[in-house]
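Please load the model in your viewer and keep the selection panel open. This tour goes stop by stop.

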Amino acid sequence: MGKKNNVMCDYLEKPERFADFINGSLYGGRQVISAGEIEESQTVYSKAARSRDILKKAGREGSYILIGVENQDTVHYAMPFRCMEYDVLEYKKQLKKIKEEYRREQEKRKAAKRSGTIDADGRTDVSAAVSGAEFLSGMRKEDKLYPVTTIVFYHGEEEYDGCRSLHDMLNWKKENEIFKQFIADYKINLVTLQDLNEENFRTGIRELVGFLKRRESKEELRRYCEENESRMQDMDEDTFDTISVMINQPDFMEQKRRYRQEGENINMCKAMKDWGEELRQEGMEQGIEAFVLDYLEEGFTRERIIEKLRKRFGLDERKAEDYFSKYAAGL
């Protein structure tokens, strides 16, 4: 797993963010699940040598549903199979648990019969007997498995052009097409940045999505910060760190002291303004270098170039001399 995927997994692990991600990405911001319903669940299937990114149990009224999230910053062309395999492994784990419970019940029944133990109802059974079909199945007719679903969150920069269902991965050429209606499909629940409206989120995911959707344009990022200044000035540290990695600005994390508020939160607006100033300075210096080299190539004297630098870039004489010495040194 890449660094950005690792960072995203860590970020979504917190129950408040996980619930917010599900509500915002699948239900348009409607509060379907809450952080209080979220419990940890085992992500590793040791015998199958498989490990999910995130798996949570959303428990409600004595029941629950298992929700997995797979984070992707690159397209995965076998993702339908990968999700299907994870979900099948989870169902297999549930079936195994039911079988083990029945096995223990059977052992208790046998022990009770051998000892002649009588229960409160005057029976020697400590559990109801199962039918032959139930015994072979490893589950009773009334038993039900808990639902499992997997969300694929693609946060890469390129358009997602991978398969979105098992059928997309299969060869339907020529005579195979006639069997298509009898072949079970398995569709993935794909969420891309383009699908998301940041206004549907209530936690720092809102700002994270907003930044990721605009990361290709520094001007759009600057404008986004200005339009959401109040939230940007009070950003939680986890969101600040995650954004820094996801938009390829790890220096932000190294300079957090400059942006920290009186409490623990961070002022992203100031970070973006400083970044913009650094970019402006970097661009100006690139322009000055080209300016100096061009005029040297045309045979202008040192004094004439320094004079032009002062006029063109609004520099004082000392600064203009420094820039000339820096870029003309190798000539």
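Are α6 and α9 roughly parallel or roughly antiparallel to each other? Select both helices to find out. The model you are viewing is predicted.

**Stop 1: α6 against α9**

Helix α6 covers residues 205–213. Its packing angle with α9 is about 15 degrees, and the two axes lie 10 Å apart. An angle under 35 degrees counts as roughly parallel, so α6 and α9 are roughly parallel to each other. The crossing of α6 past α9 is right-handed.

Now show the side chains in the contact. From α6, pick Glu-207, Leu-208, Phe-211 and Leu-212. From α9, pick Thr-239, Thr-242, Ile-243 and Met-246. Colour this α6–α9 contact by class: 5 residues are nonpolar, 2 are polar and 1 is charged.

An α-helix has 3.6 residues a turn, so residues three or four places apart point the same way.

**Stop 2: Thr-239**

Stay on α9 and centre on Thr-239, which lies in that helix. Is Thr-239 buried or exposed? Its relative accessibility is 0%, so Thr-239 counts as buried. Leave out residues up to four places away in sequence, and Thr-239 touches Tyr-11, Gly-204 and Glu-207. Next, draw a C-alpha to C-alpha distance from Thr-239 to Arg-206: it reads 9.6 Å, across 33 residues of sequence.

**Stop 3: α1 against α9**

Tyr-11 leads on to α1, where it is one of the residues that meet α9. Select α1 (residues 3–12) together with α9 (residues 237–246). How far apart are the axes of α1 and α9? They are 10 Å apart, and the helices pack at an angle of about 165 degrees. That angle makes α1 roughly antiparallel to α9. The crossing of α1 and α9 is left-handed.

Show the contact residues. On α1 they are Lys-3, Lys-4, Val-7, Met-8 and Tyr-11. On α9 they are Asp-238, Thr-239, Thr-242, Val-245 and Met-246. By class, this α1–α9 contact has 5 nonpolar, 2 polar and 3 charged residues.

**Stop 4: α2**

Move on to α2, residues 15–26. Its 12 residues reach 16 Å from the first C-alpha to the last, close to the 16 Å expected at 1.5 Å a residue. How many residues of α2 are buried? The count is 9 of 12, and the helix is mostly covered. Pick out the buried residues: Arg-17, Phe-18, Ala-19, Asp-20, Phe-21, Ile-22, Asn-23, Gly-24 and Ser-25. Then step past the end of α2 to Gly-28, whose phi is positive, near 60 degrees.

**Stop 5: Lys-174**

Jump to the loop between α5 (166–169) and β7 (189–192), and select Lys-174 there. Most residues other than glycine have a negative phi. Lys-174 has a positive phi, near 55 degrees. With a relative accessibility of 76%, Lys-174 counts as exposed.

**Last stop: the whole chain**

Zoom out and colour by secondary structure. The protein chain has 14 helices and 7 strands. Switch to colouring by burial: 40% of the 331 residues count as buried. Finally, turn to contacts between residues at least 6 apart in sequence: 59% of them join residues at least 24 apart.

Note on methods: Residues numbered from 1 in each chain as written. Predicted model: local features only at pLDDT ≥ 70, side-chain atom pairs only at ≥ 80, totals over all residues. Heavy atoms only, no water. Axes fitted to C-alpha atoms, helices over the stretch in contact; angles between N-to-C directions. Helix = DSSP H or I, 4+ residues; strand = E, 2+ residues; numbered from the N terminus. Parallel < 35°, antiparallel > 145°, perpendicular 65-115°, else oblique. Left-handed = near helix turned anticlockwise from the far one by under 90°. Contact = heavy atoms within 4.5 Å. Nonpolar A, V, L, I, M, F, W, Y, C, P; charged D, E, K, R; others polar. Expected span 1.5 Å × (residues − 1). Buried < 20%, exposed > 50% of the residue type's maximum accessible area, 1.4 Å probe, protein only.
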